Amino acid sequence: MIAAIISFGLGHIHSPNIMAWQIIFIFGQVWEMFCDPKSYLFLAMTLLLNIGAAVTNAFGPTPISNFGFDAFVTALLNMPFGFLQFNCILLASYAAARWKYKASVLAAFGLPVVVGLAMLYAEGVSKSFRQSVALAGYYLFAVLFGGNPLIVSWMVANTAGQTKKSAVMSLYNAGSSVGTIVGPLLFDAQDKPHYIPDVKATLGVFCALLGVIGIQCFVLFSLNKVRQRQRVAHGKPRDIVDTSMADKYQAYGAGNDALGQNALLDMTDFRNDEFVYVY
């Protein structure tokens with residue numbers, strides 16, 4: 001009944017470029033994205049990561065300026081941090097491609113940030129603030145910038161259907177933008193110079209990020225079980241070899257004629273029983 005009403009309404013959209021039946025299928029894919037639990041978990045990851053990234057702008061200059069340098073030299077001493085950012089992005093991308101796992105690499109890059117925040121918090125509440133330890137903790141924040149490329153690649157690898165994939169990337173852009181806006185609000189000028197409550201809040205944000213990564217792995221594991229049951233019901237093998245992350249080309253259907261028929265169809269991951277979710 002609901003589908004009939006939606007089809008009736010969408011059928012009245014007139015476009016010189018898109019046929020009415022195409023609009024209906026595009027709306028199927030966008031609606032599926034909103035019904036997909038992993039979409040909201042990817043959004044949460046993006047939001048948390050970019051909220052936490054605000055610590056580099058709000059707190060970053062503090063441990064450097066505490067050494068007694070003026071504003072200009074402090075700016076120059078941020079160069080090592082930029083160098084670490086650049087290399088961490090390259091390293092994260094290489095690690096994900098080399099070992100084929102997104103979740104474990106993303107979590108591994110989140111742990112140093114948690115350690116760095118813990119170091120800053122511990123120094124902030126101590127009676128003797130050690131600037132060198134605080135600076136080392138600050139430099140560990142550079143690792144977090146390898147997270148966004150990993151989240152993007154993880155989202156794309158676990159989403160099928162061109163419209164659904166585009167809609168999911170829109171969620172990423174929204175989460176990234178909102179996180180960038182909300183992040184600086186965690187830091188209050190009255191908490192200077194060590195921003196103890198703000199660092200504590202950011203530490204909670206990154207711990208939550210690690211938790212969301214774990215939940216997403218469980219969701220993807222469960223979705224793979226659903227696809228396995230679908231394949232059995234359709235007369236296909238329960239377990240199939242996932243070639244999406246393979247280094248060498250492998251023809252679809254090799255050794256089994258029942259597989260590979262969905263390869264060129266614009267099917268979403270929910271509808272394609274041969275889709276394998278990656279961790």
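Which helices are included in what covers the buried residues of H7? They include helix H4 (55–58), helix H8 (103–125), helix H9 (131–139) and helix H10 (147–157). The model is predicted: local features need pLDDT of at least 70, side-chain atom pairs count only at pLDDT 80 or more, and totals for chains, interfaces and linings use all residues. Residues are numbered from 1 along each chain as its sequence is written, and side-chain values use heavy atoms, with hydrogens and water left out.

**Helix H7**
- Helices are DSSP runs of H or I with at least four residues, numbered from the N terminus.
- Buried residues (under 20% relative accessible area, 1.4 Å probe, protein chains only) of H7 are Phe81, Cys88, Ala92, Ala95 and Ala96.
- Met79, Phe83 and Phe86 are exposed (over 50%) on the face of H7 turned away from its buried side.
- Lys100 follows H7 and has a positive phi, near 70 degrees.

**Asp269**
- Asp269 lies in the segment after helix H12 (196–233) and is buried, with a relative accessible area of 0%.
- Its side chain makes polar contacts (N or O atoms within 3.5 Å, one able to donate a hydrogen and the other to accept it; residues adjacent in sequence count only if both atoms are side-chain atoms) with the side chains of Lys38 (3.0 Å) and Lys164 (2.9 Å).

Methods: Helix = DSSP H or I, 4+ residues; strand = E, 2+ residues; numbered from the N terminus. Contact = heavy atoms within 4.5 Å.
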